[in-house]
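Subject: Structure for your review

Dear colleague,

Please find the structure below, together with its sequence.

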Protein chains: 2
Amino acid sequence: MTHSRPAPRPEIGQPILELSTPLPLIDETKLAFNIARVQSYMDQHGLAFRPHIKTHKIPAVATQQVAAGARGINCQKITEAEVFADAGFEDLLITFNILGAEKHSRLVALNTRISGLKVVADSDTTVRGLSCAFSQSRPLTVLVECDTGGGRCGVQTPEAAIALAETIAAAPGLSFGGILTYPKANTEEDVEAFFAAVIAGLSARGIPCPIVSNGGTPSLFSAHKVPSATEHRAGTYVYNDRAMARAGHCNLDDCAMHVLATVVSRPSLDRAILDAGSKALTSDLLGFSDYGMIVEYPDAVITGLSEEHGTVDLSKVTGRRPEIGDKVRLIPNHTCVVSNLFNLMTFHRNGIVTRVEEVAGRGLVW
Amino acid sequence: MTHSRPAPRPEIGQPILELSTPLPLIDETKLAFNIARVQSYMDQHGLAFRPHIKTHKIPAVATQQVAAGARGINCQKITEAEVFADAGFEDLLITFNILGAEKHSRLVALNTRISGLKVVADSDTTVRGLSCAFSQSRPLTVLVECDTGGGRCGVQTPEAAIALAETIAAAPGLSFGGILTYPKANTEEDVEAFFAAVIAGLSARGIPCPIVSNGGTPSLFSAHKVPSATEHRAGTYVYNDRAMARAGHCNLDDCAMHVLATVVSRPSLDRAILDAGSKALTSDLLGFSDYGMIVEYPDAVITGLSEEHGTVDLSKVTGRRPEIGDKVRLIPNHTCVVSNLFNLMTFHRNGIVTRVEEVAGRGLVW
């Protein structure tokens, strides 16, 4: 038996409409615009900007973000951080409570080879574990994660943040680096009040608080309304998606990611089936009742996804309807989870492939 | 700068509760039970069984299924089929309308090196494309996909199925292989009526119909109620999941896949945060209003997922509540999409790692 050809991989110079599907694509022009627009806003307001790599998981894209002026990068997992450290990034914040001997051991190794590693903690348990792991090593910088209303991780009050900061500052092997939140959208006053109370309390105790980190693409263009913040973190803005456009954070035309799909069946007048299902788009709804938008047929509705099929209701489409073999471009509800499904990402300019990047930060066991 | 250690990979012999998280795990005992149970049912009813590899995408698991008596395997994409052909599988059905020159070219190559390749079609357009591609090659076997009520792909009537079968039988480069459906659950009478009408019509025209293929894990233990079928296809049964258990197709204890997760934060009395989010579980609900079940805390509710966090409501948990650092096992709503997120799958028996398999069929560009 002979073996298969190498796995398919788009080639530089190919027209995207000739590529096989389903395939996520990034428009270089929109990507560059999104990076420049946000960096310009941050520069204008004197805020450091720290892109979250969760959206692309590609070192070359982070390089573009840093070249535009970003201060450092934000990762969510140690394995992601390792991939970006290997690519030469030094200022690297992991916004996660890191627990367990195996992760601690890798974190110690990472902290010995890059200069600007930082993590967060929101409990004595997390801090104690980090302190034990780092007591014989180069100190690790730890920020206190604050729940300013987002309802996920974080200490619940400014008093608890101050207490945990004191614990970190006193812990062997650790250095207190500041405070951080992932806020609910449109709660800048709450974030500022929380941050200001912590900063005042720390100041009264003589504890410096170098980093005050706010975050989120939904809060991005309101970042200046949190004057205590020294930096802002955001991921989704780099590609943008249908959910960001609906919320007014970008235009639909700023969505750099499209998923190219083919109409593979037209079982009836009102039904088309695409070759993009939940294994190409995910089933993330983010408040929508359908699974993405078809650029060429904005009145078509992707009513359901199975794993490799998208079911489209064409009943509201006036004029020409898509035929079997037609290629269409989908704007996903949520771009970050689409990146996470594919080993390779294809970039293009004006419809011609410019590069194919490995999504190097995805799929690792943890 | 030194480089990272190799990416983390569980080791044979490790206790699973010592492994870092989030991590999907397969229980070898339950896997073997699920395979044996379904094969035994099929054998009892004289039905050929064709497992769908979409659920695991791992050749070694398909080998177990075939060793138990499965007739062949079912793939959904050419790139998956290539991976399984490379692993030695010969009887391989791709249940998808395959369109486009690049895919046709790979399909021709695949058909020259394995003996039992089969695909489906539901339109003249798909058949015409295949016929052009295969007119100078070894003939390709094509089945007609029928929509017996599932509402996805498929010709809409038995008459249309007969007409398309005639087209295939007459097309250069193609050989008519039979008929196929992916039915709605609990519609065995409709499936049988559709199949019987097609078979009668083909018989009247002197066209043999060797394969009559029914499918779906939800229809699995009703497969004998479709006497015209010669084979049944199913994927999910091999691991099972919360949706299958709710529908009565297995017990919760038959779910071979657990996602091991760690409690990383306890911001308040009623809230726990896990390190498993939509990039470990996906946001597939499949009719549930929450995102999976915690084996150790069945009264806890995973109310929301962000990409790397799961938010758990503990308000209904009586007795001990999970603490920071505790590991828990999650039964995902939908197992097939979890496999698709990770490069490696970890298997264990009685909590001790037995093997780590590459999820070889996932993540390819199409």
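Helices here are DSSP runs of H or I with at least four residues, numbered from the N terminus. On that basis, Asn111(A) belongs to helix α4 (residues 101-113) of chain A. Please note that the model is predicted.

Residues under 20% relative accessible area count as buried. Asn111(A) has a relative accessible area of 2% and is therefore buried. Apart from its neighbours within four places in sequence, Asn111(A) contacts Leu117(A), Phe134(A), Arg138(A), Pro139(A) and Leu140(A).

**Relation of the two chains**

Two copies of a chain are related by a rotation about an axis and a shift along it. In this model, chain A is superposed on chain B by a rotation of 180° with 0.0 Å of shift along the axis, and the RMSD is 0.0 Å. That is the relation of a two-fold axis. As for the interface, 100% of the interface residues of chain A are also interface residues in chain B, so the copies meet through the same surface.

**Helix α2 of chain A**

Which residues of helix α2 (residues 59-67) of chain A are buried? They are Pro59(A), Val61(A), Ala62(A) and Gln65(A). These residues cover an arc of only 155° around the axis, and this places them on the same side of α2(A). Their packing partners in chain A are the helices α1 (28-44) and α3 (78-86), together with the strands β2 (48-51), β3 (73-75) and β16 (344-349). Just after α2(A) comes Gly69(A), with a positive phi of about 130°.

**Helix α3 of chain B**

In chain B, helix α3 (residues 78-86) has eight of its nine residues buried, so the rest of the structure largely encloses it. The buried residues are Ile78(B), Thr79(B), Glu80(B), Ala81(B), Glu82(B), Val83(B), Phe84(B) and Ala85(B). Among the elements of chain B that cover them are α2 (59-67), β3 (73-75), β4 (91-97) and α4 (101-113). Gly88(B) follows α3(B) and has a positive phi, near 105°.

Two packed helices are described by the angle between their axes and the distance between the axes. In chain A, the axes of helix α6 (residues 158-170) and helix α7 (residues 188-204) come within 9 Å and cross at roughly 40°. Angles under 35 degrees would count as roughly parallel and those of 65 to 115 as roughly perpendicular; α6(A) and α7(A) are therefore oblique to each other. Their crossing is right-handed. On the α6(A) side, the contact involves Pro158(A), Ala161(A), Ile162(A) and Ala165(A), which meet Phe194(A), Ala197(A), Val198(A), Gly201(A) and Leu202(A) of α7(A).

In chain B, helix α6 (residues 158-170) packs against α7(B) at an angle of about 40°, with the axes 9 Å apart. This pair, α6(B) and α7(B), is therefore oblique as well, and α6(B) passes α7(B) in a right-handed crossing. From α6(B), Pro158(B), Ala161(B), Ile162(B) and Ala165(B) make the contact with Phe194(B), Ala197(B), Val198(B), Gly201(B) and Leu202(B) of α7(B).

**Backbone features**

Most residues other than glycine have a negative phi, and most peptide bonds are trans. Several places in the model depart from this pattern and are set out below.

- In chain A, the peptide bond between Thr21(A) and Pro22(A) is cis, with omega about 0°. Pro22(A) is in the segment before β1 (23-27) of that chain.
- In chain B, a cis peptide bond runs from Thr21(B) to Pro22(B), with omega near 0°. Pro22(B) lies in the segment before β1 (23-27) of chain B.
- Thr282(A), a residue other than glycine, has a positive phi near 65°. Thr282(A) is found in the loop between α9 (278-281) and β12 (293-294) of chain A. With a relative accessible area of 8%, Thr282(A) is buried.
- Asn186(B) is not a glycine, yet its phi is positive, at about 60°. Asn186(B) sits in the loop between β7 (174-181) and α7 (188-204) of chain B. Its relative accessibility is 65%, and Asn186(B) therefore counts as exposed.

With kind regards

Conventions. Residues numbered from 1 in each chain as written. Chains lettered and ligands numbered in written order. Predicted model: local features only at pLDDT ≥ 70, side-chain atom pairs only at ≥ 80, totals over all residues. Heavy atoms only, no water. Least-squares fit on C-alpha atoms with pLDDT ≥ 70 in both. Contact = heavy atoms within 4.5 Å. Buried < 20%, exposed > 50% of the residue type's maximum accessible area, 1.4 Å probe, protein only. Helix = DSSP H or I, 4+ residues; strand = E, 2+ residues; numbered from the N terminus. Arc of directions from axis to C-beta. Axes fitted to C-alpha atoms, helices over the stretch in contact; angles between N-to-C directions. Parallel < 35°, antiparallel > 145°, perpendicular 65-115°, else oblique. Left-handed = near helix turned anticlockwise from the far one by under 90°.
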